[in-house]
Amino acid sequence: MRKAIVAGNWKMNKGQNEAIECFTAMAAQSWPDHVQVVIAAPFTHLSSVAKFTESKSNFFLAAQNCHPEANGAFTGEVSIPMLKEIGVTHIIIGHSERREIFKEDNKFIARKVNAILEAGLIPIFCCGEPLSIRKSNNQQDYVEQQIQESLFQLGDSDIQKVIIAYEPIWAIGTGETASPDEAQEMHAAIRTMISERYNVEIADLISILYGGSVKPANADEIFSGHDVDGGLVGGASLDPVIFEQVINSYPA
Ligand code: PGA
């Protein structure tokens, strides 16, 4: 059985004290045992919130980015060993904001995937099309190319460790969500791509999360998709009370 995962991506929000308050509140919440909860906090807060994830076996700490090299002359970057040392278990990579604003391409993201897996951590690999591609109905080819160029270099055992997040760019932070059918359709297509490159058993093991304006009002419907194994949640993860509602929307 693949894992159910609800991940929060705080992006560049919250100061350290507020982050600690949120983690304190989350540590006291009760979540379904079968759902893994991951929070991607800003780099500067990770070491002070790490201890709170020890309160529950299904609570994990993520970074929002990393550099593929372990060390070196890369001013302003943060490496995977640095993150691992302070208790980070998951790393978001290939978020559309990294791709669009910071011009990260599929090849660079592939290097990060390889390095994260080599370090024994879990990549949360984001993919998803812009509005123009959706309008021309080429979204599956677009996402397939992202996956091919960043994930399909992996062998059978490594690909199973990757979490994929499908995030249509037109639904991120816009209040607009893919319909449950649109989400399910793309998730099924992604699973088919993986089963064609690897096999059906491997494809069945990979958690595919949906991201883009997930909130308590739509989470149940989105999570009900057969191939939707949870969510990557931005805005609605910032308030622990609202995020708890999203977590508890995952089907029993
Ligand atoms: P959103 O962000 O939930 O605020 O749309 C999702 C994301 O960017 O991961």
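How far is an oxygen atom of the ligand from an N or O atom in the side chain of His95? The distance is 2.7 Å, which falls within the limit for a polar contact (a pair of N or O atoms within 3.5 Å).

This is a predicted model, where local features need pLDDT of at least 70, side-chain atom pairs count only at pLDDT 80 or more, and totals for chains, interfaces and linings use all residues. Residues are numbered from 1 along each chain as its sequence is written, and side-chain values use heavy atoms, with hydrogens and water left out.

A polar backbone atom of Gly235 lies 2.9 Å from an oxygen atom of the ligand. The ligand alone exposes 280 Å², and the protein buries 95% of that (Shrake-Rupley method, 1.4 Å probe).

Now the shell. There are 13 residues around the ligand (a heavy atom within 4 Å). Lys11, His95, Glu167, Gly173 and Ser213 come nearest. By type, the shell has four nonpolar, seven polar and two charged residues; Gly counts as polar.

Next, the largest pocket. Its volume is about 500 Å³, the space filled by probe spheres set on the grid points. A pocket is an open set of points on a 1 Å grid over the protein atoms alone, where a 1.4 Å probe fits, with protein on both sides within 12 Å along at least five of seven lines. The lining counts 18 residues (an atom within 4 Å of a point). Lys11, Met12, Gln64, Arg98 and Phe102 lie nearest the pocket centre. The lining divides into nine nonpolar, five polar and four charged residues. Helix α4 (residues 96-101) gives the most, with three residues; helices are DSSP runs (H or I) of at least four residues.

Note on methods: A polar contact is a pair of N or O atoms within 3.5 Å; within protein, one must be able to donate a hydrogen and the other to accept it, and residues adjacent in sequence count only if both atoms are side-chain atoms. Helices (H or I, at least four residues) and strands (E, at least two) are DSSP runs, numbered from the N terminus.
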